[in-house]
Amino acid sequence: MPAEINTELENATGVDVSAARAALREVAHEPGSKKPDPIVVADNVRRTFGGLTAVDVQHVEIQRGVITALIGPNGAGKTTFFNLITGFDRPDDGDWSFNGQSLRGVAAYRVARMGMVRTFQLTKVLAKLTVLENMRVGATGQHGERLLRAMFAPFWRHQETSNTEKADALLERFLLIKKREDFAGSLSGGQRKLLEMARALMADPELVMLDEPMAGVNPALKQSLLGHVKSLRDEGRTVLFVEHDMDMVRDISDWVIVMAQGKVIAEGPPDSVMGDQRVIDAYLGSHHDQDLSVEMEEQILAAAEAEIAEEHGEEPVQTASTSSEGEQRG
């Protein structure tokens, strides 16, 4: 291990983060809004499973150099959308691009090599390898991965030394340096999340995609993880994350995209989105603020039954509430 490890953050991409964040102030707070400098653009991306439409995104753009949160109720299609644009699943239709280059049909490992790297809700550490070995695996373009070259150490020894130094610097930054020689399977849930995030940076990505980074994390580690996510933006990287913790979304995100039933229903800064009636209805239901007394429940049920009857050309069934209303009018 090197005697001195540089943990200072540097802008890894040359992106003007302040300008990128400021540019969002001019963006319309509506679904599918155009961004000044999008790193990802998706059009008409659709994925169905049998008769269920999991994702039906007409248009969405992810701004470069900022932190964007992708939120929505369970079953909204957030993780499926992640899987589609990173090559882990195939859509029924649509196209999407990264830095202007189409990713339709591109394999997941090629997407990662292009600079779009993701983590998973359920961590994917290699449990029987050490923490350091997990980090080395994340490095791209390794000369020793070819069978013939692997037999001759001079071809890859210098590169492995460089990768080890880089891994140690990241482990120091993510407070895992003391676990360097431990098996990854021995780490806690929160430490595995940290390892996944650190390993993702071994590929020097432009875009880091985090799928529920706080899920199952000890509260003591949450603040540490929050700081690390912010540091990714400070380096000039773009961050897109899925999360249910609204306090976290308010704290670190510059922009929020809301999905419900596979569609993008709202976009905007955190405070604007949290107060959007469409978002409130998606999470709590459209009748969340109504008095659901017995009489109100009967009226809602009667209206639903009347609508179904009309679709089938039948006479609506009279309930107690509808008949009483008729008597009052009579």
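Residues are numbered from 1 along each chain as its sequence is written, and side-chain values use heavy atoms, with hydrogens and water left out. Because the model is predicted, local features need pLDDT of at least 70 and side-chain atom pairs count only at pLDDT 80 or more, while totals for chains, interfaces and linings use all residues.

**The sheet**

Helices (H or I, at least four residues) and strands (E, at least two) are DSSP runs, numbered from the N terminus. Two strands pair if DSSP finds at least two bridges between them.

Four bridges link strand E3 (residues 67-71) to strand E8 (residues 238-242) in the parallel sense. In this pair, Thr68 stands opposite Leu240 in E8. E9 and E10 run antiparallel and are joined by five bridges; here Ile257 faces Glu267 in E10. Their hairpin has two residues between the strands, and Gln261 in it takes a positive phi near 55 degrees. Five of the six residues of E10 are buried, where buried means under 20% relative accessible area, exposed over 50%, and partly exposed in between (1.4 Å probe, protein chains only).

**Helix H2**

Six of the eight residues of H2 are buried, namely Lys78, Thr80, Phe81, Phe82, Leu84 and Ile85. Just after H2, Gly87 has a positive phi of about 85 degrees.

**Pocket and cavity**

On a 1 Å grid over the protein atoms alone, a cavity is a set of points where a 1.4 Å probe fits but cannot get out, and a pocket is an open set with protein on both sides within 12 Å along at least five of seven lines; lining residues have an atom within 4 Å of a point. Grid points are joined across faces, edges and corners, and a volume is the space filled by probe spheres set on the points. Ala, Val, Leu, Ile, Met, Phe, Trp, Tyr, Cys and Pro count as nonpolar, Asp, Glu, Lys and Arg as charged, and the others, Gly among them, as polar.

| Space | Volume | Lining by class |
|---|---|---|
| Largest pocket | About 650 Å³ | 13 nonpolar, five polar, six charged residues |
| Largest cavity | About 50 Å³ | five nonpolar, one polar, four charged residues |

The largest pocket is lined by 24 residues, of which Ala112, Val117, Val137, Gly138 and Arg199 are the closest to its centre. Helix H3 (108-114), E6 and helix H7 (189-201) each give two or more residues to this lining, and H3 gives the most, with five residues.

The structure holds one cavity of 30 Å³ or more. Residues lining the largest cavity include Thr119, Phe120, Lys193, Glu196 and Met197. H7 supplies the largest share of this lining, three residues, and H7 and E7 each supply at least two.
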